[in-house]
Amino acid sequence: MNIDTSTVNGNCITVVISGLIDSDDSYRTFSRSLILVPGNNAFLIINDQLSVCRSKKEYVDEMSKVLPATTTAAPNAVATSANQPSDQEKQQLLNKLREATRMNDKFCFDCLNSVNWSFEMALKKFAELKSKLPPEAFVM
């Protein structure tokens, strides 16, 4: 599982959690985006989006090698988020990778997120995994 605190401003925090789900007979990947706002001694979730995709075992095995086994939110997660590109920059990188690879948004997001939003590293990773990606990874 990978947790990314992608946006922090005075009023809200955006968190994206992505990872792999495996069971005895199927393999899936997920991505969950949350928008949190401060409440009374807690955070309130004002938006929650979850997407789950079926994947081939080969893709899941390859992604398992690249993604950390487990990730927990660190106390300094907010401080490190300053190194992350803005949401607008992330969208531009996502569009650029989609154009270059013909992958769909979900796979582009997972690829960029796993390499800390480095376009060059995402292209290298795509080149390594291209033959192992399932057909649903690509825009039809």
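I take buried to mean under 20% relative accessible area, exposed over 50%, and partly exposed in between, with a 1.4 Å probe and protein chains only. I also note that helices (H or I, at least four residues) and strands (E, at least two) are DSSP runs, numbered from the N terminus.

I am working with a predicted model, in which local features need pLDDT of at least 70 and side-chain atom pairs count only at pLDDT 80 or more, while totals for chains, interfaces and linings use all residues. Residues are numbered from 1 along each chain as its sequence is written, and side-chain values use heavy atoms, with hydrogens and water left out.

**Overall layout.** I looked up the elements and found five helices and four strands, which run β-β-β-β-α-α-α-α-α from the N terminus on. Of the 140 residues of the protein, 39% count as buried.

**Helix α3.** Which residues of α3 are buried? I list Lys90, Leu93, Leu94, Leu97 and Thr101. Seen down the axis of α3, these buried residues fall within an arc of 105°, so they line one face of the helix; the arc is that of the directions from the helix axis to the C-beta atoms. On the face turned away from the buried side of α3, I find the exposed residues Gln88 and Glu99. Arg102 follows α3, and its phi is positive, near 65°.

**A charge over a ring.** Lys96 lies over the face of Phe119, at 4.4 Å from the ring centre. For this I require NZ of Lys or CZ of Arg within 6 Å of the ring centre and within 35 degrees of the ring normal.

**Aromatic pairs.** I found two aromatic pairs in the structure, where rings of Phe, Tyr and Trp (its six-membered ring) pair if their centres lie within 6.5 Å, and planes under 30 degrees apart count as stacked, over 60 as edge-to-face and the rest as tilted. Phe109 and Trp117 form an edge-to-face pair, at 5.5 Å centre to centre and 70° between the planes. Phe109 is buried at a relative accessible area of 18%, and Trp117 is buried at 6%. The rings of Phe126 and Phe138 have their centres 6.3 Å apart and their planes at 70°, so this pair is edge-to-face. I place Phe126 in helix α5 (residues 119–129) and Phe138 in the segment after α5, twelve residues apart; Phe126 is buried, at 10% relative accessibility.
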